[in-house]
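Let's take a walk through this model together, starting with a ring and a charge and moving on to the ligand and the aromatic pairs.

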Amino acid sequence: MSEYDVDLFVIGAGSGGVRAARIAAGHGARVAIAEEFRIGGTCVIRGCVPKKLLVYASRFPDAFEDAEGFGWTLPQAPQFSWPALIAAKDREIARLSGLYEANLERSNVAVHQQRAVIDGPHGVRLADGSRITAGAIVIAVGGYPVTMEFPGFELAISSNDALDLADLPERIVVQGGGYIAVEFASVFAALGVETTLIHRGGKVLRGFDEDLRDDVQEAMARRGVKFLMNDHVVEIEQTGAGKLVRTNCGATLEAGEVMMAIGRRPLTAGLGLESVGVEPDHKGAIAVDEYSRTSAPSIYAIGDVTNRMNLTPIAIREGHALADTLFGGRPTSIDYANVPTAVFTTPEIGTVGLSEEQARESGRAIDIYKTRFRPMKATLSGAEGRMLMKLVVDAASDRVLGVHILGEDAAEMVQVAAIAVKMGATKADFDATVALHPTASEELVTLRTKWTGA
Ligand SMILES: Cc1cc2nc3c(=O)[nH]c(=O)nc-3n(C[C@H](O)[C@H](O)[C@H](O)COP(=O)(O)OP(=O)(O)OC[C@H]3O[C@@H](n4cnc5c(N)ncnc54)[C@H](O)[C@@H]3O)c2cc1C
C-alpha cells in the first residue's frame, strides 16, 4: 500500500485534467480531482462548446436570406430570442458537465467540488481545510481572461460574461485581435448588434497566414463589423443608457456592452507553487519538459497552464500522455506539428501546417497554390461571399506544408486535409486524388497553377 492517500491528485477538471484522471484511473491508479467551478472546464462551460452554439445561431440569418434564391418564401420575418438561445445553451452545457462528472465517477475518480492548492511536494489543501497526500500532483488549472488597468475597466465584460448576457445590446465594442475577439464580433454582428472591433495591431489574427487575415477582415467588414485598428480603449464611462468608450486615438463610441478579449493567462496565482519551488514565468505559465514534468519531481502540469498550445485537443492529449507515462508504463510525449485549428468567424477559417510566411521564414523554397472563388451555393442565393483555398508546398520535396481555407465549412475540410498533411502528402498526392464533385473542397485537388503573385 502506498504511503499516500492517492497516487494522483489532479487540480482542475477541464479538458486536460479530466482526461489525465480518467486514463490514470483506467491504468489502476487511485485518483482524485478537484474543481472549483464546474466540471468540464473552459471548453465545455465557457469556451469552445457554448461559443460554437452561438456561432450556429448566428448563421441562421444567412440561411433565411439564402433560402429565397432557392424558391423558399418565409411566411413572416423570422424572430430571434437571445434569452431562449442562452437558456438552450445552458441546458446543453449542464448536460455535458453532468456527463463529465458521471464519467469521472464511473472511472472511480474521487471528485472534490472545491478549490485545491498545492501544499508541499505530495500535499494538496482543499478549500474545506482538509489535506490529501498524493504520489504525484497534476496542475491542470487552465487560464483566465487578461485584465487591464484603465478607468472603467470593471465595466467591461469578458468572453465568460458574453456567453451569459441577459440581453443582447444594440451596440457592442469588442477589443482584441485574436480568435476569441473576432469570433464574438462575428457572432454579435450576425445577430444584428452594431459591432465595432478595436485592435492595437493593424490586422487581426496575428500568426495566421496573411491571406486568411486579409480576407477574413475584409469579409467581416463587408458583413457589418466596423474595425478601429492601431487603437485601444483607454476609458469606459457608465452613462444612463449604456457605456461611453474613449480610445487612445481620440474616438468616442457609445455601446451597450464593451467586451475585452485581449488574451488569456495561466491561472497560477495563489496555487501554492512556492511550496514546491516551481516558479511560473512572467505570464504565469509553468515550464514543463516533453513529459509535462515541472522542475519539482512529483509535480506535473498540462493544458493551458503550460501555455504550449492552448487548444482543447492538445490539453486532452497532454493529459492522456501524462497518465500513460506515469501509470501505463509507456512514456509518451506529444507531437505539436501540424495541429489543425479553426476560427469560427463567418466566414470561418480552417488551417493546418505552415503559413506562407512561416514557410518562407524557415528558409525553404516554396510554391503557393491558391484560388478565390464564389461557391456554388452563392450562385442562386446571390450571397457575396467568396472562398479562399491555399496550399503551401515545399518546392524541393513537393510536400504540402500548409492548407489554409476561408469559407463555409472550412474547419470541417481542414480536419480531414490535416490527415494528409500529417502523413506527409505531396502536392502530387493531392493532384492524384480524384475530385469529389460538386463540392467546394474539390478545389484542393484541382489546383494546377502555381501562384505567381499576379
Ligand atoms: C471563448 C473561448 C473559446 C475557445 N474556443 C476553442 C475552440 O474553438 N477550440 C479549442 O480547441 N479550444 C478553444 N478554447 C481553448 C480551450 O477552452 C482551452 O484550451 C482548454 O479548455 C484548456 O484545457 P485545460 O484543461 O488546460 O484547462 P480548462 O479547461 O480551463 O480547465 C481548468 C479547470 O481548472 C479549474 N481550476 C482552476 N484553478 C483551480 C483550483 N485551484 N482548484 C480547483 N479547480 C481549479 C477551473 O475552474 C477549470 O474548470 C477556447 C477558449 C475560450 C476561452
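## Rings, charges and a ligand

In this predicted model, the charged end of Lys 427 sits over the ring of Tyr 369, at 4.2 Å from the ring's centre.

Now to the ligand. Its surroundings comprise 38 residues, and the closest are Gly 16, Glu 35, Thr 42, Lys 51 and Asp 304. By type, this shell holds 17 nonpolar, 13 polar and eight charged residues. Helices α1 (15-26), α2 (41-46), α3 (48-58), α7 (179-190) and α9 (312-327) each supply at least two shell residues, and the largest share, four residues, comes from α2.

| Residue | Part of the residue | Ligand atom | Distance |
|---|---|---|---|
| Glu 36 | backbone N or O atom | nitrogen | 3.1 Å |
| Cys 43 | polar backbone atom | oxygen | 3.4 Å |
| Arg 115 | side-chain N or O atom | nitrogen | 3.0 Å |

On its own the ligand has 1,000 Å² of accessible area, and the protein covers 95% of this.

The count of aromatic pairs comes to four. One of them, Phe 60 with Phe 64, is tilted, with 6.1 Å centre to centre and 40° between the planes. Both residues lie in helix α4 (residues 60-69), four residues apart, about one turn of the helix. Phe 60 is partly exposed at 46% relative accessible area, and Phe 64 is partly exposed at 34%.

Trp 82 and Phe 188 also form a tilted pair, with ring centres 6.4 Å apart and planes at 40°. This pair links distant parts of the chain, with Trp 82 in helix α5 (residues 82-106) and Phe 188 in helix α7, 106 residues apart. Both Trp 82 and Phe 188 are buried, and together with Phe 184 they form one aromatic cluster.

Definitions and conventions. Residues are numbered from 1 along each chain as its sequence is written. This is a predicted model: local features need pLDDT of at least 70, side-chain atom pairs count only at pLDDT 80 or more; totals for chains, interfaces and linings use all residues. Side-chain values use heavy atoms; hydrogens and water are left out. A residue is near a molecule or strand if one of its heavy atoms lies within 4 Å of it. A polar contact is a pair of N or O atoms within 3.5 Å; within protein, one must be able to donate a hydrogen and the other to accept it, and residues adjacent in sequence count only if both atoms are side-chain atoms. Accessible areas come from the Shrake-Rupley method with a 1.4 Å probe; for residues, only the protein chains shown count as cover. Ala, Val, Leu, Ile, Met, Phe, Trp, Tyr, Cys and Pro count as nonpolar, Asp, Glu, Lys and Arg as charged, and the others, Gly among them, as polar. Rings of Phe, Tyr and Trp (its six-membered ring) pair if their centres lie within 6.5 Å; planes under 30 degrees apart count as stacked, over 60 as edge-to-face and the rest as tilted. Buried means under 20% relative accessible area, exposed over 50%, partly exposed in between (1.4 Å probe, protein chains only). A charge sits over a ring if NZ of Lys or CZ of Arg is within 6 Å of the ring centre and within 35 degrees of the ring normal.
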